[in-house]
Amino acid sequence: MQEKLLTLKEEITNKLTGVTNIQKLNDLRTEYLGKKGPVQELSGMLRDLSVEEKKEFGRVLNEFKTEVTGMFDSLREELETKALNEKLANEKIDISLPATKIPVGAPNILEKIIEEVEEVFMSMGYDVVDGPEVEEDRYNFELLNIPKGHPARDAQDTFYIKDEEILLRSQTSPVQVRTMLKIGGGEPVRMICPGKTYRRDDDDATHSHQFMQIEGLLVDKDISLSDLKGTFDTIAKRLFGNDCKTRFRPSYYQFTEPSVETDISCFKCKGEGCSLCKNTGWITVSGAGMVHPNVLRNCGYDPSVWTGFAFGFGAERLAMLKYGINDIRTFYNTDLRELKDFDRKDSE
Ligand code: DAH
């Protein structure tokens, strides 16, 4: 018996010496340790031995099995580690290789400028609010002190959807009305509303049937035109740099009294006069004014207690000025090359 075990061990050791892959190792394991293998056969022979011999041989056979199983296990572990190392070496990523370029879009400059304006106003305590693009006549006109028959309601200017009552808003000013009515009077208001507006304009370099406005409204006690001037000056400096100067010119809007056009000093020529500012040194960026008492009253605010100012920027105009874009249609075509160019312009 002992002899047999020794020979068998030698045979197994020899066979294992040449093994380099796991499949082969598994086959050998089945061959020697499997049900039909020599070790099992030797176990079967125990039956014919005396009790004493059984005890002795059983012990030796168990030791043998443990040893041989150990040989298979450790070789298996060795081969597995080797295989894993090879796999890792083969799959190593060369991080010095240049990556494949994935084309990415860039945020539209119009969105960016709106976000910038929002940031500035939010830092001054204004809420950013929203309003419907399909609007009722009374919000878009009537409550803003633009009575029936006023030229601004002309079908030439406004997209009417149903009779003369439902329309695509021609300005973001109705959101002033909606906000004041929602608050219901008695509390101050500070809001801006960036949003789409629509007019029956023929599209060209400076007109678009759809464009973005940024409306603003502040209502409180003791608000005067100088508060509007201070606010506008701060915004202009934040957007166009600290050396930006501002001025007001008299104007007319139905919903403000007095009304003004707000100008900034030309950032290109610093007020010297150039093609951008048409040699005036100034660029108009918004309409504004003190909220008309009728509008305050229409919206539940007593004009003897409350005063306020309002303004409306054309977002495309701001972006065109800031980024030197000379055709408004640029914002609305879906040409990726334009978008990439926006990105370049922005990082200049
Ligand atoms: N809604 C005006 C327009 O579309 C712009 C405007 C002017 C808004 C003066 C205002 C304002 O709030 O006070 O031309």
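Three strands, β6 (210-220), β9 (282-291) and β10 (307-314), each contribute at least two residues to the shell around the ligand; helices (H or I, at least four residues) and strands (E, at least two) are DSSP runs, numbered from the N terminus. This is a predicted model, in which local features need pLDDT of at least 70 and side-chain atom pairs count only at pLDDT 80 or more, whereas totals for chains, interfaces and linings use all residues. Residues are numbered from 1 along each chain as its sequence is written, and side-chain values use heavy atoms, with hydrogens and water left out.

The ligand is surrounded by 15 residues, the closest being Gln 171, Gln 176, Arg 199, Gln 213 and Glu 215; a residue is near a molecule if one of its heavy atoms lies within 4 Å of it. By class, this shell holds 5 nonpolar, 8 polar and 2 charged residues. Here Ala, Val, Leu, Ile, Met, Phe, Trp, Tyr, Cys and Pro count as nonpolar, Asp, Glu, Lys and Arg as charged, and the others, Gly among them, as polar.

Polar contacts are pairs of N or O atoms within 3.5 Å. A polar side-chain atom of Glu 215 is 2.6 Å from an oxygen atom of the ligand, and an N or O atom in the side chain of Arg 199 lies 2.8 Å from a ligand oxygen atom. Ala 310 takes part through its backbone, where an N or O atom is 3.1 Å from an oxygen atom of the ligand. Of the 350 Å² of accessible area that the ligand has on its own, the protein covers 90% (Shrake-Rupley method, 1.4 Å probe).

What does a search of the whole structure find in the way of cavities? There are 2 cavities of 30 Å³ or more. A cavity is a set of points, on a 1 Å grid over the protein atoms alone, where a 1.4 Å probe fits but cannot get out, and lining residues have an atom within 4 Å of a point. Grid points are joined across faces, edges and corners, and a volume is the space filled by probe spheres set on the points.

The largest cavity has a volume of about 50 Å³. Its lining includes Phe 121, Thr 262 and Ser 286, and α8 (225-240), β9 and β10 each give two or more residues to it. The largest share, 4 residues, comes from α8.

The second largest cavity contains about 30 Å³ of space. Here α8 again gives the most to the lining, with 5 residues, and the lining consists of 9 nonpolar, no polar and no charged residues.

Note on methods
Polar contact = N/O pair within 3.5 Å; in protein donor to acceptor, adjacent residues only side chain to side chain. 1 Å grid on protein atoms, 1.4 Å probe; cavity = no way out; pocket = protein on both sides within 12 Å on 5 of 7 lines; lining within 4 Å.
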